[in-house]
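Here's a quick briefing to read with the model open beside you. Have a look at the sequence and the fold before moving on.

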Amino acid sequence: MPEDWRKANVTPVFKKVKKEDPGSCRPVSLISIPGKVMEQLILEAIIKQVEEKKVIRSSQHGFTKGKSCLTNLIAFYDGMTGWVDEGRALNVVYLDFSKAFGSVSRNNIFIGNVRKCGLDEWSVKWIDSWLNGRAQWVVISGADSGWRPVTSGVSQGSVLGPVLFNFFINHMDEELDCTLSKFAGGTKLGGVVDKLDSCAAIQRDLDGLESWAERNLMRFNMGKCRVLHLGRNNPILQYRLGVDLLESSSVERHLCVLVNDKLTMSQQCALAAKKANGILGCIRKRVASRSREVLLSLYTALVRSHLKSCAQFLAPQFKKNEELLERVH
């Protein structure tokens with residue numbers, strides 16, 4: 001890899017509440033255009049190898065061809081609702097890595113995980129060359145931080161970064177008894193808890209995931225790790241991740257969808273309708289034109305996305321939820 005292809009201008013993209021906190025920004029790398037073209041060529045080659053050998057586990061839905069947030073939600077909760085319909089109690093543990101893309105270690109562990117995905121040695125060596133010797137700086141309002149070496153992580157904003165992260169965490173669900181579903185750094189672990197052996201299975205799997213994270217120099221963000229208790233006569237068990245106890249929750253947001261302990265979508269539908277109506281109100285007040293063409297374009301671009309997002313998963317089971325969304329339309 002040419003040296004200038006390994007340099008990046010980091011643009012902080014605001015993602016949380018406190019704009020003055022650097023931790024509230026996502027560091028997106030602006031890298032060489034010829035370098036990104038080369039990455040695309042390499043990506044096509046390695047994806048072909050991976051698809052032929054079918055080594056990427058079905059539990060991964062992020063940055064995977066033919067899969068999305070919607071497929072992740074439907075595939076996982078199809079099994080969970082099936083158990084609830086059978087009258088069984090179950091728990092879902094929501095897990096999230098702390099600074100997932102930036103924490104990936106660039107040592108023999110990472111390359112070893114890439115090799116497990118069945119890539120040929122030429123591809124592995126090229127990826128190793130692409131990762132090492134990188135540098136970045138931040139430029140804001142004409143002031144720069146100076147060049148700093150990048151010692152860990154995969155570049156957010158690169159072509160290869162998301163796929164390499166999938167390779168890195170591909171084997172984290174080996175030897176698990178419960179159902180695991182992944183979307184990039186977000187993970188859900190679900191299992192029944194109506195028998196003694198099944199109650200212990202979730203804790204064993206959590207211990208296994210914590211051990212995997214320690215071996216691979218990753219950390220879970222305990223502030224985002226919670227347990228959702230589903231089904232009748234749920235014993236409301238408490239779990240730990242490492243030395244920390246996990247908090248219980250009655251409603252959890254994952255992949256921008258709210259799921260509560262009753263598995264109803266009323267809160268999600270109400271939130272979607274509220275956001276959509278708020279944007280409609282802004283359009284009424286701020287846009288002078290009442291042309292059908294203008295208003296339809298604004299509605300399609302700004303409003304419909306809130307109502308259509310994961311609509312197949314929402315499948316409102318109560319007429320009032322359906323009417324709530326239709327009223328916005």
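This is a predicted model: local features need pLDDT of at least 70, side-chain atom pairs count only at pLDDT 80 or more; totals for chains, interfaces and linings use all residues.

Residues are numbered from 1 along each chain as its sequence is written, and side-chain values use heavy atoms, with hydrogens and water left out. Helices (H or I, at least four residues) and strands (E, at least two) are DSSP runs, numbered from the N terminus.

**Helix α1**
- Helix α1 takes in residues 33-53, and its 21 residues reach 31 Å from first C-alpha to last, close to the 30 Å expected at 1.5 Å a residue (the expected span is 1.5 Å times one less than the number of residues).
- Its buried residues (under 20% relative accessible area, with exposed meaning over 50% and partly exposed in between, using a 1.4 Å probe and protein chains only) are Gly35, Glu39, Ile42, Leu43, Ile46, Gln49 and Val50.
- These sit on the same side of α1, because they cover an arc of only 135 degrees around the axis (taken from the directions from the helix axis to the C-beta atoms).
- They pack against β2 (25-31), α5 (121-131) and α6 (161-169), with contact meaning heavy atoms within 4.5 Å.
- On the face turned away you'll find the exposed residues Ile33, Leu41, Lys48 and Glu52.

**Strand β3**
- Six of the seven residues of β3 (residues 90-96) are buried, so the strand is largely enclosed by the rest of the structure.
- β3 runs antiparallel to β8 (residues 186-192), joined by seven bridges, and Leucine 90 stands opposite valine 192 there; strands pair if DSSP finds at least two bridges between them.
- Five bridges join β3 to β9 (residues 226-230), also antiparallel, with valine 92 partnering leucine 228.

**Asparagine 113**
- Asparagine 113 is in helix α4 (residues 108-116) and is buried, at 8% relative accessible area.
- A polar atom of its side chain lies 3.0 Å from the backbone oxygen of phenylalanine 168.
- Beyond neighbours within four places in sequence, asparagine 113 contacts Phe167, Phe168 and Asn216.

Key: A polar contact is a pair of N or O atoms within 3.5 Å; within protein, one must be able to donate a hydrogen and the other to accept it, and residues adjacent in sequence count only if both atoms are side-chain atoms.
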